[in-house]
Amino acid sequence: MKLLFLCSRNHWRSPTAEAIYQNDPRVQVRSAGVSSAARTRVSEKSLRWADVVCVMEHWQKKRLRDDFPTVMGDLRIEVLDILDDYEYMDPALIELIRERVEPLIM
């Protein structure tokens, strides 16, 4: 299964999710951001690569709809409901990510 993790700027939440699952044999992972200021910006190519797109907040799903309308019909998007309240590899963030992603890949 190919998981694409998206947050706003690809600084804290999505890179943490990518780091958690990068050596997990069950999945392939990448991360990006939906903002124009993102370190790695989401692209149509990255969206087409993914089996599941995991966004951190509902507004990010809407942003994908607005920015990539031709791809949206083919995407499985899961909203993890994780606010931008954490730093990279924060133990509480890791726990939330695992809690919300594991049911998707079990």
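Is Cys7 buried or exposed? Cys7 has 3% relative accessibility, so Cys7 counts as buried. Buried here means under 20% relative accessible area, exposed means over 50%, and partly exposed is in between, with a 1.4 Å probe and protein chains only.

A word on the source. This is a predicted model, where local features need pLDDT of at least 70, side-chain atom pairs count only at pLDDT 80 or more, and totals for chains, interfaces and linings use all residues. Residues are numbered from 1 along each chain as its sequence is written, and side-chain values use heavy atoms, with hydrogens and water left out.

Cysteines, then. A disulfide is a pair of cysteine sulfur atoms within 2.5 Å. By that rule, the count is zero disulfides. Cys7 is in no disulfide; its nearest cysteine sulfur belongs to Cys54, 12 Å away. Cys54 is in no disulfide either, with the sulfur of Cys7 as its nearest, at 12 Å. Cys54 is also a buried residue, because its relative accessibility is 0%.

Next, helix α4. Helices (H or I, at least four residues) and strands (E, at least two) are DSSP runs, numbered from the N terminus. How far apart are the end C-alpha atoms of α4? They are 21 Å apart. The helix has 15 residues, 91–105, and at 1.5 Å a residue it should span 21 Å, so the two values agree. The expected span is 1.5 Å times one less than the number of residues.

Which residues of α4 are buried? They are Leu93, Ile94, Leu96, Ile97, Val101, Glu102, Leu104 and Ile105. What do they pack against? The partners are β1 (2–7), α1 (13–21), β3 (52–55) and β4 (77–79). Contact means heavy atoms within 4.5 Å.

The N-terminal end of α4 has a cap, and the residue is Asp90. One of its side-chain oxygens lies 2.7 Å from the backbone nitrogen of Ala92.

On to α1. Seven of its nine residues are buried, so to speak a mostly covered helix. The buried ones are Arg13, Ser14, Pro15, Thr16, Ala17, Ile20 and Tyr21. They pack against β1, β2, α3 and α4.

Now the salt bridges. A salt bridge is a side-chain nitrogen of Lys or Arg within 4 Å of a carboxyl oxygen of Asp or Glu. The count comes to ten.

Take Arg13 and Glu57. Their closest N and O atoms are 2.8 Å apart. Arg13 lies in helix α1 and Glu57 in the loop between β3 and α3 (58–67), so the pair ties together parts 44 residues apart in sequence. Arg13 counts as buried, at 1% relative accessibility. Glu57 counts as buried too, at 16%. Arg13, Glu57 and Asp84 are linked in a network of salt bridges.

Arg26 is partly exposed, at 37%, while Glu102 is among the buried residues of α4.

In general, an α-helix has 3.6 residues a turn, so residues three or four places apart point the same way. Arg48 is partly exposed, at 47%. Glu44 is partly exposed as well, at 34%.

Now Ser31, in strand β2. Ser31 is buried, with a relative accessible area of 10%. Which side chains make polar contacts with that of Ser31? One is Asn10, at 3.0 Å. Another is Glu18, at 2.7 Å. A polar contact is a pair of N or O atoms within 3.5 Å; within protein, one must be able to donate a hydrogen and the other to accept it, and residues adjacent in sequence count only if both atoms are side-chain atoms. Leaving out residues up to four places away in sequence, Ser31 touches Leu4, Phe5, Asn10, Ser14, Pro15, Glu18 and Thr40.

Last, the aromatics. Rings of Phe, Tyr and Trp (its six-membered ring) pair if their centres lie within 6.5 Å; planes under 30 degrees apart count as stacked, over 60 as edge-to-face and the rest as tilted. The count is one aromatic pair. The ring centres of Phe5 and Tyr21 are 6.2 Å apart and the planes are at 20°, so the pair is stacked. Phe5 is in strand β1 and Tyr21 in helix α1, 16 residues apart. Both Phe5 and Tyr21 are buried.
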